[in-house]
Amino acid sequence: MTPLSRRLYALGALVLAAILFVALNIAVDSAITTARLDLTSAGTYTLAQGTRNIIANLKEPVLLKFFYSRKLAASYPQINSYAGRVSDLLHEYAALSHGKIVLEEIDPEAFSPEEDEATADGLTGAPTDSGDMLYFGVVGTNSIDGREVVPFFSPDHEPFLEYDLTSLVYRLETPRKPKLGILTSLPMDGGGGGMAAMMGGGGGQPYMIYRELMKSYDVEIVDPNFTRVPTDVDVLMIAQPAELNQAQSYAIDQFVLGGGRALIFVDPYSELAAAGGGQSGGPGSSDLPQLFRAWGVYYDPNKIIGDRKLAQGVQTSDPRNPRVTYPTWLRLTAPNFDPHDQVTASLQLLNLASAGALHQANNTTTTFTPLVSSSDQAALLDAGQVRGNPRPQELMGVIQPEGHPFVIAARISGPAKTAYPNGAAMAPGAPAQIMDAKNINIVIMADSDIFNDQFWVHVETTADGKSIAAPIADNAAFVVNAVENLTGSGDLISLRTRATNDRPFTKVKEIQSHAQEQYQKSADALQARLTDIEAQLHALQQGGSTNGQPSTALALTPEQQTAVETAKRDIYDTRSQLRDVQHNLRKDIDFLGNVLAWINIALVPVLISIFAIVLAELRRRRRRRAAAL
């Protein structure tokens, strides 16, 4: 074969390969519409099983109209890229539904009938530089005139995309919202600060968790003077309740024994209520003692969990020690959740404050299943210690770990008897008293600060002045998961926590916790010494004062002058030692960071180079052996 023919042969092979590549892409794109390769560790781009279940169980057709101003969005790469993902996901929904989901894609150009349709359907347009409105949303309808709308897909909300779309389909499939009754002393629908804040124009926004519940449930705030739980309530949520009278406790008892489901949040120290978020304010605690005893639960409203391992970092006003760990503010991750219960199986992170502990009572008939627990580096502190707002370092020093976790949230199920055997007399005219039940279903958490937006929501202000709230923890997911589970709907649970894919540096946190403990002992001793020396220096200087005014150094005796100079040197030396100790706090963390940086910057390229050299050498030897044969 001549050199020219070999070149023509190679060129022809390249052209054929290119044609085959394009043809294969076209065939795959048209024939394999739902296949995806998701290489993310959390499966971010893989449909959750809950989504697949909801789509598979559709009984009536659903029409989804996807409005997207394609031409206008071409100038906005971020929106254009996000729109591709939304479109792909909608097509995947339609393909999985086998005809039950009908998808229409509409480009609402300016001054067109499609733009009029978009605005009439409730979509929100975003103004562009040209003055035209960019539409990017979806409208869903069902066969009984039900309508659900996503007004605009904000790229900042992308982590919630699958949940938003699946919950839209779910609401169209189940148009009747379950009834959620909320009994609480917290202003769920008015936000922190109570009515005074609302009247003053501040703090009038409902809690984020309350807003999440409003999306999927018919929410009713139960009158605090209630005598019976409303008959149409499917789930009763009790959050930081005010003190209930016997008749009200009996009404809850009968609701639960009659098959009603309950989600309960009590707290030995509600920091949310203490900050003015409750009806009465003050450092309130809450408890349902008689009901808990009947349900087989022991809870001490005077004990708070302190946990060295799960302590959150907090800022202090001390310039010498600006960031410390606070052991009663807990940062709980996957190892602290029950992986087998639907409420907690997909949780990744919870931020709680001043939580109490739940225990299974002796000689009980119910089943006590822990859902959320502390680490084994925890102990129970007196609530008075925490309410007094001590220094975090002092609380850390008080904790003597008991070597086992404490239960913060639990599911109570199984047979139970009434807490009020003679309760019928409390509710004249009520239905006949229910004395027992074969299987109650209750979820209890010993914390109400889970509702505090400040613990789990990060708010950012965009360039156009809009506020965007993004979760940094799964507080809302726990509450809504529990409500969904108690109403019998669990398919949406797998979608809620995919937005908070938190992957903490656990080794760094372990090093930091250990260093903090060692550092604090040295720092406290040095600080005490520094305080003593400064007091001695002050006393010496006051000794040479006249009428309360410090005099010059000449008024001091030589011995006093020597003592002053010695004290100043001691202060300098002590402060230097304190700085060294603070530096050592980060030494191990910085070393680990340097090692990881070296691995990423130097070692990985070296390993790749070695692999390439070895591969090339193997190929060279193979060719040499083939030539020898």
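Visitor: Which hand does the crossing of α8 and α15 have?
Guide: Helix α8 passes α15 in a right-handed crossing. Keep in mind that this is a predicted model. The axes of α8 (residues 208–216) and α15 come within 10 Å. They cross at roughly 35°.

Visitor: Which residues make the contact of α8 with α15?
Guide: From α8 come I209, E212 and L213. From α15 come N475, A476, V479, V480 and V483. By class, that contact has six nonpolar, one polar and one charged residues.

Visitor: Next, α4 and α6. At what angle do they pack?
Guide: At about 40°, with their axes 11 Å apart. Here α4 covers residues 77–97 and α6 covers residues 161–173.

Visitor: Why is α4 called oblique to α6?
Guide: Because their packing angle of about 40° makes α4 oblique to α6. The hand is a separate reading: α4 passes α6 in a right-handed crossing.

Visitor: Which residues meet there?
Guide: On the α4 side, Y82, R85, V86, L89, L90 and Y93. On the α6 side, L161, E162, L165, T166 and V169. Sorted by class, the contact of α4 with α6 has eight nonpolar, one polar and two charged residues.

Visitor: How do α2 and α4 cross?
Guide: Helix α2 (residues 49–56) and α4 cross at roughly 50°. Their axes come within 9 Å. The two are therefore oblique to each other. Helix α2 passes α4 in a right-handed crossing.

Visitor: Which residues make the contact of α2 with α4?
Guide: T51, R52 and I55 of α2. From α4, E92, Y93, L96 and S97. By class, they divide into three nonpolar, two polar and two charged. Note Y93: this α4 residue is part of the contact with α2 and also of the contact with α6.

Visitor: Let me try a single residue. Is A118 buried or exposed?
Guide: Buried, because its relative accessibility is 0%. The cut-off is under 20%. A118 is found in helix α5 (residues 113–120).

Visitor: What is A118 in contact with?
Guide: Leave aside neighbours within four places in sequence. A118 is then in contact with F67, P108, L123 and Y135. For a distance in space, take V139. A118 and V139 are 21 residues apart in sequence and 8.7 Å apart in space, C-alpha to C-alpha.

Visitor: Now the whole chain. How many helices and strands does it have?
Guide: The chain has 18 helices and 24 strands. Of its 629 residues, 42% count as buried.

Visitor: What share of the contacts links residues 24 or more positions apart?
Guide: Take the contacts with a separation of 6 or more. Residues 24 or more positions apart account for 74% of them.

Technical notes
Residues numbered from 1 in each chain as written. Predicted model: local features only at pLDDT ≥ 70, side-chain atom pairs only at ≥ 80, totals over all residues. Heavy atoms only, no water. Axes fitted to C-alpha atoms, helices over the stretch in contact; angles between N-to-C directions. Helix = DSSP H or I, 4+ residues; strand = E, 2+ residues; numbered from the N terminus. Parallel < 35°, antiparallel > 145°, perpendicular 65-115°, else oblique. Left-handed = near helix turned anticlockwise from the far one by under 90°. Contact = heavy atoms within 4.5 Å. Nonpolar A, V, L, I, M, F, W, Y, C, P; charged D, E, K, R; others polar. Buried < 20%, exposed > 50% of the residue type's maximum accessible area, 1.4 Å probe, protein only.
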